[in-house]
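I opened my notebook to get to know a new structure. Here is what I looked up, entry by entry.

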Amino acid sequence: MLSVDEIACVYSALILQDDDIAVTPEKIITILKAAKVEVESYWPGLFARCLESVDLKQLISNVGTASVAPAASAAAPAASGDAGKKEEKEEKKEESEEEDDDMGFGLFD
């Protein structure tokens with residue numbers, strides 16, 4: 001779970017990126033001071049260094065697409081070949097449940 005310090009730095013970095021301002025430790029500290037949030041002194045520098053080589057807008061835009069695409073492509077081959085078998089199993093299961101109901105007694109009789 002993220003600490004308050006980490007969350008404050010994340011939001012500061014997002015604010016800077018949204019305004020097309022370079023994410024630097026000084027800028028993060030400025031935003032944190034304006035918001036009256038105190039963080040450990042190493043957090044702003046750590047976040048700024050981590051985001052130096054990252055296009056934050058590109059990262060945010062592609063958060064959901066990277067994890068969804070492989071799952072969808074992996075599920076497609078299984079669905080095409082096994083669809084008929086699954087339907088048959090479901091039909092047999094439904095038939096066996098119906099047979100249980102026709103035995104002339106119930107759970108609470």
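Which residue with a positive phi follows H2? I found Lys 36 there, with phi near 60°.

**Ground rules.** I am reading a predicted model, in which local features need pLDDT of at least 70, side-chain atom pairs count only at pLDDT 80 or more, and totals for chains, interfaces and linings use all residues. Residues are numbered from 1 along each chain as its sequence is written, and side-chain values use heavy atoms, with hydrogens and water left out.

**Loops.** I took helices as DSSP runs (H or I, at least four residues), numbered from the N terminus. Lys 36 sits in the loop between H2 and helix H3 (42-50). I then looked at the loop between helix H1 (4-18) and helix H2 (25-34), and Asp 20 lies in it. Asp 20 is not a glycine, yet its phi is positive too, near 55°.

For accessibility I used relative accessible area with a 1.4 Å probe and protein chains only: buried is under 20%, exposed is over 50%, and partly exposed is in between. Asp 20 has 61%, so I noted it as exposed. Lys 36 has 75%, so it is exposed as well.

**Helix H2.** Next I asked which residues of H2 are buried. They are Ile 28, Ile 31 and Leu 32. These residues lie on the same side of H2 because they cover an arc of only 100° around the axis (the arc of the directions from the helix axis to the C-beta atoms). On the other side of H2 I found Glu 26, Thr 30, Lys 33 and Ala 34 exposed. The buried residues of H2 pack against H1 and H3. I also checked contacts (heavy atoms within 4.5 Å) for Ile 31: leaving aside its neighbours within four places in sequence, it touches Ser 12, Ile 15 and Leu 16.

**Helix H3 and its rings.** In H3, I listed Trp 43, Pro 44, Gly 45, Phe 47 and Ala 48 as buried. H1 and H2 are among what covers them.

How many aromatic pairs are there? I counted two, where rings of Phe, Tyr and Trp (its six-membered ring) pair if their centres lie within 6.5 Å, and planes under 30 degrees apart count as stacked, over 60 as edge-to-face and the rest as tilted. Tyr 42 and Trp 43 have ring centres 5.0 Å apart and planes at 35°, so I wrote down a tilted pair. Trp 43 and Phe 47 form a tilted pair as well, at 5.9 Å centre to centre with 50° between the planes. Trp 43 and Phe 47 are about one helical turn apart, because four residues separate their positions in H3. Tyr 42, Trp 43 and Phe 47 form one aromatic cluster. Trp 43 is buried at 12%, while Tyr 42 is partly exposed at 47%.

**Cysteines.** Last, I searched for disulfides (a pair of cysteine sulfur atoms within 2.5 Å) and counted zero. Cys 9 is buried at 0%, whereas Cys 50 is partly exposed at 49%.

How values were computed:
Helices (H or I, at least four residues) and strands (E, at least two) are DSSP runs, numbered from the N terminus.
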